[in-house]
Amino acid sequence: MTTMPDNETFVFEQPCPIRDVLDRIGDQWSLLIMQTLAPGTLRFNALMREIGDISKQMLSRTLKQLEQDGFITRTLYPEVPLRVEYALTDLGRSFLEPMQQLITWADTHHRTIVAARERYQSTQDHLRQSLR
């Protein structure tokens with residue numbers, strides 16, 4: 001809980017700001033959607049095509065969450081047929097650099113992580129065998 005200068009009190013749903021933000025951007029689709037929007041504005045179906053293996057329901061839900069958090073904008077054009085476009089906000093664009101660093105780190109270390117998982121699994125399998 002934080003008290004503001006005019007004595008208003010705000011209660012944060014998440015007590016930890018790091019966890020609050022990472023829970024949202026660390027889901028399965030948010031980073032991929034923001035990376036896909038990095039070059040510019042896209043319509044819903046174009047996002048679906050670019051991402052490939054996301055359902056319409058999951059894309060819609062994730063876009064709403066990203067919009068709610070201020071990472072993207074949704075612009076509705078009252079045309080027939082209805083046209084909706086999505087774009088990164090300034091906040092979303094400010095996240096591209098740290099996001100790219102994370103992607104680069106993950107790409108650089110992926111083989112090491114996979115090897116560690118395999119070693120761990122092998123150790124666990126061997127331990128289970130020896131306990132029989």
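Biologist: Which residues have the most contacts inside the largest nonpolar core?

Modeller: The largest nonpolar core has 20 residues, and those with the most contacts inside it are I33, M34, L59 and I72. The elements that give two or more residues to this core are α2, α3, α4, β5 and α6 (96-130). All of this is read from a predicted model.

Biologist: What makes this set a nonpolar core?

Modeller: The term asks for buried residues of the nonpolar kinds, joined through side-chain atoms within 4.5 Å, and the 20 residues were grouped as such a core. In soluble globular proteins, nonpolar side chains tend to be buried together.

Biologist: What does M34 touch, leaving aside residues up to four places away in sequence?

Modeller: M34 touches I25, L66, F71, L88, F95, L96 and M99, where a touch requires heavy atoms within 4.5 Å.

Biologist: Which residues of α3 are called buried, and what covers them?

Modeller: In helix α3, which spans residues 44-51, the buried residues are A46, L47, M48 and I51, the word being kept for a relative accessible area under 20%. Their cover includes α2 (30-37), β3 (42-43), α4 (56-68) and β5 (83-88). Just after α3, G52 takes a positive phi of about 90 degrees.

Biologist: Why is α3 called roughly perpendicular to α4?

Modeller: The two axes come within 11 Å and cross at roughly 115 degrees. Angles of 65 to 115 degrees count as roughly perpendicular, and α3 is therefore placed in that class relative to α4. The crossing of the two helices is right-handed, and the residues that meet are F44, L47, M48 and I51 in α3 with K56, L59, S60 and L63 in α4.

Biologist: Why is β5 described as largely enclosed by the rest of the structure?

Modeller: Because 6 of the 6 residues of β5 are buried, the strand is largely enclosed by the rest of the structure. R83, E85 and A87 point one way from β5, whereas V84, Y86 and L88 point the other way, and all are buried.

Biologist: How do you know that β5 pairs with β3 and with β4?

Modeller: Pairing requires at least two bridges between the strands. β3 and β5 have 2 bridges, in the antiparallel sense, with Y86 in β5 as the bridge partner of L42. Strand β4 (residues 72-77) pairs with β5 over 6 bridges, also antiparallel, and there L88 in β5 is the bridge partner of I72. A hairpin joins β4 to β5 through 5 residues.

Terms used
Residues are numbered from 1 along each chain as its sequence is written. This is a predicted model: local features need pLDDT of at least 70, side-chain atom pairs count only at pLDDT 80 or more; totals for chains, interfaces and linings use all residues. Side-chain values use heavy atoms; hydrogens and water are left out. Buried means under 20% relative accessible area, exposed over 50%, partly exposed in between (1.4 Å probe, protein chains only). Helices (H or I, at least four residues) and strands (E, at least two) are DSSP runs, numbered from the N terminus. Axes are lines fitted to C-alpha atoms, for helices over the stretch in contact, and angles run from 0 to 180 degrees between N-to-C directions. Angles under 35 degrees count as roughly parallel, over 145 as roughly antiparallel, 65 to 115 as roughly perpendicular and the rest as oblique. A crossing is left-handed if the near helix is turned anticlockwise from the far one by less than a right angle, and right-handed if clockwise.
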